[in-house]
Amino acid sequence: MTSRSPAKNPNAFKWLVTVLAAGHFALVFITGRIRWEHVAADLLLVVLAWAGAGPRRFLRGAFPLWLTGMILDSQSLWLGVRGTIHTGDLWNLEKALFPAPGGMIWPEWWWHNPNTPLDLLCGFAYAAYLYEVFLVAIWFFFKKDRRFESLCWAFFVVNAIGVVIYVIYPAAPPWYVLKYGLGPANLAALPSPAGTARFDAFFGINYFANFYSRNPNVFGAMPSLHAAYPLMMVLVLWYRGTAWRVGTVLFALLVAFSAIYLTHHYILDVLAGSIAAVVAFVVVRAVFARWVSEASQAAPVPLPSGGNTRA
């Protein structure tokens, strides 16, 4: 019997992807949010689906990356159902748990005590953290490593965890409190590059200004997905040995520090992001391990030559 599931039926998969891409394009068009990136992403999705077996194999694994982009980009549609916005809770708890000199919290202290070497180092980390995920995923694909698909799904799951928490517990980042105070949330507040603006100013560019201008959710401090992604890479690449462990751990620590130094996140956000990364990694790994186990048990056992079934 031939399977009719999208995963095993090329035609079903091609049309499923096409319908999803068309649906997303219609959504951003109707809601007035359409940008060239939406057109490019949706068009690329359809092209990969119909281009042949090789591109489809890549798309099956990388499809969660498109889903991730869709949910992050669509956050503005869900802001009306989010919970009470917290502007001072994390600030006050941070001050109690992780006090900095002068009665400040560490993001605040670093805001008042920046230096150029750290601006450049942390700016680089904030620019590179996302590309680390994509480079590792592409590397896994060309190695034909089954970790390619599980990494992409883990990336989706950790982002889904983050978005759900943003809706349940919307919280202001440190830069917002430094600018607007601890009072009632200012719903007209615009997204800010915060400390990364110093990186832009040093090089005379607008990389972070443009990046954060597209952030649809100012009140998404908790958890820190900036801290989550590099930690996930530590877990994914741990099997590679000592050199990879040291390199990925150092980069994860740098990004975590950068989140605090650049006043985008509290220490509490970084800890929450780390927990989210571990949860996503463990859950997806367990699901894939179960699928592999079930597939191996369901595989037919070849009969001995001559049709003798004794043994």
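A salt bridge here is a side-chain nitrogen of Lys or Arg within 4 Å of a carboxyl oxygen of Asp or Glu. Keep that cut-off at hand for the exercises below, and remember that the model is predicted.

**Exercise 1.** Which residue forms a salt bridge with Asp-119, and which helices do the two lie in?

*Solution.* Start with the distance: the closest N and O atoms of Arg-198 and Asp-119 are 2.8 Å apart, and the two residues form a salt bridge.

**Exercise 2.** Asp-73 meets the side chain of Arg-35 in a salt bridge; what is the N to O distance? Then decide for each partner: buried or partly exposed?

*Solution.* The N to O distance is 3.3 Å. Asp-73 sits in helix H3 (residues 53-73), while Arg-35 sits in the loop between helix H1 (10-30) and helix H2 (36-50), so the bridge ties together parts that are 38 residues apart in sequence. For the second part, use the cut-off: buried means under 20% relative accessible area. Asp-73, with 17%, is buried. Arg-35, at 29%, counts as partly exposed.

**Exercise 3.** How many salt bridges does the rule give? Work through the pair of Arg-147 and Asp-145 as well.

*Solution.* The count comes to three salt bridges. In one of them, the side chains of Arg-147 and Asp-145 meet at 3.0 Å, N to O. Now apply the accessibility classes: Asp-145 counts as buried at 14%, whereas Arg-147 counts as partly exposed at 32%.

**Exercise 4.** How many cavities of 30 Å³ or more does a search of the whole structure find? Describe the lining of the largest cavity by class and by domain.

*Solution.* The search finds one cavity of 30 Å³ or more. The volume of the largest cavity is about 50 Å³. List the lining next: Gln-75, Trp-78, Leu-79, Arg-82, Val-163, Tyr-166, Val-167 and Asn-217. Sorted by class, these give five nonpolar, two polar and one charged residues. As for the domains, domain 1 (1-81) and domain 2 (83-298) each supply at least three residues of the lining.

Definitions and conventions
Residues are numbered from 1 along each chain as its sequence is written. This is a predicted model: local features need pLDDT of at least 70, side-chain atom pairs count only at pLDDT 80 or more; totals for chains, interfaces and linings use all residues. Side-chain values use heavy atoms; hydrogens and water are left out. On a 1 Å grid over the protein atoms alone, a cavity is a set of points where a 1.4 Å probe fits but cannot get out, and a pocket is an open set with protein on both sides within 12 Å along at least five of seven lines; lining residues have an atom within 4 Å of a point. Grid points are joined across faces, edges and corners, and a volume is the space filled by probe spheres set on the points. Ala, Val, Leu, Ile, Met, Phe, Trp, Tyr, Cys and Pro count as nonpolar, Asp, Glu, Lys and Arg as charged, and the others, Gly among them, as polar. Domain bounds come from an automatic or database domain assignment. Helices (H or I, at least four residues) and strands (E, at least two) are DSSP runs, numbered from the N terminus. Buried means under 20% relative accessible area, exposed over 50%, partly exposed in between (1.4 Å probe, protein chains only).
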